[in-house]
Amino acid sequence: MGVEGVFRGIMRRIYCKEEVCIGCRLCEVWCRIEHSKSKKVLKAFLYEKERAIQRVQVEERGAVSFALQCRHCEEPDCVYSCISGALYKGNEVVMHDTSRCVGCWSCVLACPYGVIAMDEVRGKAWKCDFCEGVGREEPICVEKCPNEALRLALVLEVEHAESE
Amino acid sequence: MDCKYLVIGNSAGAIAAVEAIREVDREGECIMVAAEKYQAYSRALIPYYLAGEFELEKMYYRAADFYVKNNIRAILGEKAVRIDFLHKEVEIADGQRIRYGKLLLATGSLASVPIIEGLSYSYDSNYGEKFDKEGVFTFTSLDDAIEIKRRVESGFVKKAVVLGGGRIGLMAAEALIRNRLDVTVIKRSERLLPEVFDGTASRMVKNHLKESGLRMLIGHTLKAVTGERSVEGVILNDGTEIKCDLLIIAAGVGPRVELVRDTEVKINRGIVVDRRMKTSVPDVYACGDCAEVYDFAQQDYRLTPVWAAAYAGGRIAGFNMCGLEKEYRWGTNMNSMHFFGLSVITAGISAEDEENGNGYAVLKEIDEEKKIYEKIVIRDNRLIGMILMNKIERGGIFLGLMRAGINVSSFKEELLSDDFGLISLPEELRRGICTGTMKW
């Protein structure tokens with residue numbers, strides 16, 4: 001049967017080069033600051049009432065470390081599992097409307113990367129929004145990575161190219 | 001009326017299918033027919049709505065202009081009543097006939113209602129059960145949810161009985177307790193959620209429910225419902241009488257297949273489909289609660305009445321209806337639940353206790369005080385099931401390992417370590433996953 005792949009576009013993706021990741025966790029810190037109300041480090045970490053949650057996580061063991069955030073999957077299982085319509089696929093990015101999130105954690109179960117953060121106090125899930133939600137052109141984690149371990153890559157996304 | 005794609009249903013599977021269809025074919029005439037009058041809403045949100053977490057508007061998980069934007073003709077509030085597979089025609093309640101090119105059955109499930117003295121019901125023209133006593137509901141439709149909420153908020157309802165201690169019953173009970181009702185759950189079997197919980201999970205969640213103030217009477221069934229016009233109480237099998245002014249019947253759900261019963265469409269417990277979601281009749285597909293879909297953990301087809309499986313199956317059905325050959329290999333029985341703040345996820349084959357030994361290897365960690373329970377079931381060095389309680393954040397990685405059928409023998413000891421993550425996986429696998437070169 002003859003439906004060819006549908007060209008979706010050239011997508012930006014964040015990758016971490018683990019050989020040069022030094023495990024400094026500055027990406028985590030900046031992610032939280034950027035997504036906080038005040039965008040000030042002290043307030044973001046200590047004094048804001050509604051504290052922002054970081055959406056990137058450094059995994060570390062011995063000499064190996066890398067940062068990982070939402071992969072913005074072509075076929076996002078989290079979106080397909082979302083019972084409230086909070087998660088949806090934008091043009092380039094998997095977005096999350098936290099005002100619709102009820103904290104059912106279906107996305108946490110569905111995400112094979114384990115990169116959806118659970119905020120049990122507010123009953124909300126949080127995930128990387130590529131900094132679109134804070135109006136940045138480029139994700140803050142990439143910009144602030146001191147060793148250029150986190151970088152942007154352009155990926156050609158062709159949907160339905162192969163039969164699965 | 002003529003269309004290329006006809007979808008019967010308007011919930012997760014149906015919406016997934018039309019969304020997939022529109023990714024491939026933006027023009028082909030597409031019609032949705034559903035018994036309920038509402039725009040697509042989330043049945044899974046009913047307990048949250050009842051608990052008062054948000055307004056009615058948020059039940060609708062797609063925007064109001066969804067149908068218009070996607071160029072879909074939605075005929076809502078009209079039940080499909082007959083299908084003529086030879087002429088490829090569906091007749092709906094108002095007498096209209098719709099000819100289809102491809103047909104999707106996404107009719108969902110119906111609440112099971114046991115036979116109870118003093119209680120009878122009929123299916124109303126729209127959806128769901130209409131009981132002969134006021135104050136009795138199932139917990140599966142928006143109409144029910146709205147009416148229950150109205151009664152609860154009126155302040156006249158003080159005592160509720162929930163029949164059934166399954167997932168829906170427990171969530172209903174919790175929502176009612178949050179509305180400050182006096183709630184009693186009546187449950188027949190000893191084991192909580194016997195499809196997915198093993199003895200340990202059942203015991204730990206039961207303890208937690210008890211500590212949270214939930215009254216649950218185990219080992220009981222309902223013998224009778226009392227009251228004339230409205231429910232006034234229930235009588236248990238042992239004669240105990242409990243007064244109540246609200247009765248929720250949450251005794252499970254079954255596939256809704258009456259539309260195709262005694263037709264050429266093959267039905268086992270649900271509608272039989274293949275990996276492409278095709279039924280036994282050409283050009284007819286099925287997905288969601290009404291179908292028996294492939295379960296990769298069981299390596300067999302079975303009813304999988306969970307939201308995520310309905311959506312994923314509907315998506316595959318939609319692609320195949322457009323001529324794109326895709327296989328559903330995604331689903332198993334997977335559940336994400338929380339009871340009074342205790343979160344539990346399960347997937348695959350998880351309910352067996354080791355002493356009943358099916359020969360699968362099991363890894364376990366238990367911390368009774370912190371209410372943490374982790375269990376992983378392994379067959380031939382591959383994950384086939386799990387239960388995670390109160391420590392679920394990286395649980396999706398396990399499901400990923402399950403789906404991808406990864407041999408875990410080289411990192412088995414890592415799986416339940418405190419800092420388990422992608423970093424616990426062998427380097428090649430980890431790099432493949434993180435850089436997207438491996439389809440994960």
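Tutor: Two residues are said to be in contact if their C-beta atoms, placed from the backbone, lie within 7 Å of each other. Please keep in mind that the model we are reading is a predicted one.

Student: Which residues is B:Leu247 in contact with, leaving aside its neighbours within four places in sequence?
Tutor: B:Leu247 belongs to the largest nonpolar core, which has 192 residues, and is among the members that touch the most other members. With its neighbours within four places in sequence left aside, B:Leu247 is in contact with B:Gly135, B:Val136, B:Val161, B:Leu163, B:Val225, B:Val231 and B:Val234.

Student: Which helix gives the largest share of that core?
Tutor: The members of the core that touch the most others include B:Ala17, B:Leu104 and B:Cys287. The largest share of this core amounts to 10 residues, and the helix that supplies them is H7(B).

Student: At what angle do H1 and H7 of chain B pack?
Tutor: Two packed helices are described by the angle between their axes and the distance between the axes. Helix H1 covers residues 12-24 of chain B and helix H7 covers residues 307-321, and H1(B) passes H7(B) in a right-handed crossing. Their axes are 7 Å apart, and the packing angle is about 35 degrees.

Student: How many residues of the contact of H1(B) with H7(B) are nonpolar?
Tutor: Among the residues that meet here are B:Ala16, B:Ala17 and B:Ile21 in H1(B), and B:Trp307, B:Ala310 and B:Phe319 in H7(B). When the residues of this contact are divided by class, four are polar and two are charged, while the number of nonpolar residues is 14.

Student: How far apart are the C-alpha centres of domain 1 and domain 2 of chain B?
Tutor: Chain B is divided into three parts, with domain 1 at 2-109 + 255-321, domain 2 at 113-251 and domain 3 at 342-435. Domain 1 puts 14 residues in contact with 14 residues of domain 2. The distance between the C-alpha centres of these two domains of chain B is 28 Å.

Student: Which element supplies the largest share of the side of chain A that touches chain B?
Tutor: The contact takes 34 residues from chain A and 42 residues from chain B. On the side of chain A, the elements that each supply at least two residues are strands E1, E2 and E3 and helices H3 and H4. The largest share is four residues, and the element that supplies them is H4(A).

Student: Which helix of chain A do the buried residues of H8(B) pack against?
Tutor: Helix H8, residues 395-404 of chain B, is mostly covered, since nine of its 10 residues are buried, among them B:Ile397, B:Phe398 and B:Leu399. These buried residues pack against strands E23, E24, E26 and E27 of chain B, together with, from chain A, helix H4.

Student: Is A:Lys127 buried or exposed?
Tutor: A:Lys127 lies in the loop between strand E7 and helix H5 of chain A, and its contacts beyond four places in sequence include A:Arg55, A:Cys70 and A:His96. A residue needs 20 or more other C-beta atoms within 10 Å to count as buried. Because A:Lys127 has 22 C-beta neighbours inside 10 Å, this residue counts as buried.

Student: How does B:Lys278 count by its C-beta neighbours, and what is the number of them?
Tutor: B:Lys278 lies in the loop between strand E19 and strand E20 of chain B, where it touches B:Val273, B:Tyr285 and B:Asn320, not counting residues up to four places away in sequence. B:Lys278 counts as partly exposed, because the number of its C-beta neighbours inside 10 Å is 18.

Technical notes
Residues numbered from 1 in each chain as written. Chains lettered and ligands numbered in written order. Predicted model: local features only at pLDDT ≥ 70, side-chain atom pairs only at ≥ 80, totals over all residues. Axes fitted to C-alpha atoms, helices over the stretch in contact; angles between N-to-C directions. Left-handed = near helix turned anticlockwise from the far one by under 90°. Nonpolar A, V, L, I, M, F, W, Y, C, P; charged D, E, K, R; others polar. Domains from an automatic or database assignment. Core = buried A, V, L, I, M, F, W, Y, C linked by C-beta atoms within 7 Å. Buried ≥ 20, exposed ≤ 12 C-beta atoms within 10 Å, placed from the backbone.
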